[in-house]
Amino acid sequence: MAAVTAGIPQVQSDTLGLASQTQVVGGTANTVLQFPDATVSGGGNVPNLAAVDVLDVRAVAEAARPPCPMRCKRTSSCNLCMSVLLATITSRSADALTPVR
């Protein structure tokens, strides 16, 4: 996708997330437009924001979760604690996981 914002040309991938990539190839305008010659990778914490699955949610939850609320003192792979956390996440409206464009 391409757009001009405040007179500055921008090129964006049609996907959002870590798996997204953008590269402008061919021609000689990259230097004038200040575009990099190399591939630019997307960012975020999931590969594709439009296709988030339960494994993506689990990975983000495990990385961000506080200490075990049940004080089981197990490692981050404590299935009981993750079950409680994922049940809390999935009980919320599915609209909360819908990407906004």
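Predicted model: local features only at pLDDT ≥ 70, side-chain atom pairs only at ≥ 80, totals over all residues.
View 1. D56 is part of helix α2, residues 54-64, helices being DSSP runs of H or I with at least four residues and strands runs of E with at least two, numbered from the N terminus. Leaving aside residues up to four places away in sequence, D56 touches V46, P47 and A51, contact meaning heavy atoms within 4.5 Å.

View 2. Strand β1 (residues 2-5) pairs with strand β2 (residues 8-11) in the antiparallel sense over four bridges, pairing being assigned if DSSP finds at least two bridges between two strands. T5 has I8 in β2 as its bridge partner, and two residues lie between the strands of the hairpin.

**View 3. Q34 in the loop between α1 and β4.** Q34, located in the loop that runs between α1 (29-33) and β4, is a residue other than glycine with a positive phi near 60°. The relative accessible area of Q34 is 71%, and Q34 is therefore exposed.

**View 4. A nonpolar surface patch that includes L49.** L16, L49 and V52 form a nonpolar patch on the surface, with about 210 Å² of accessible area together, the areas coming from the Shrake-Rupley method with a 1.4 Å probe and, for residues, only the protein chains shown as cover. Patch members have over 30% relative accessible area and no salt bridge, and nonpolar side chains (Val, Leu, Ile, Met, Phe, Trp, Tyr) are joined within 5 Å, like charges within 9 Å. L49 lies in the loop between β4 (40-41) and α2 and, at a relative accessible area of 34%, is partly exposed, the class between buried and exposed.

**Notes to all views.** Residues are numbered from 1 along each chain as its sequence is written, and side-chain values use heavy atoms, without hydrogens and water. Local features need pLDDT of at least 70 and side-chain atom pairs count only at pLDDT 80 or more, whereas totals for chains, interfaces and linings use all residues.

Note on methods
Salt bridge = Lys/Arg side-chain N within 4 Å of Asp/Glu carboxyl O. Buried < 20%, exposed > 50% of the residue type's maximum accessible area, 1.4 Å probe, protein only.
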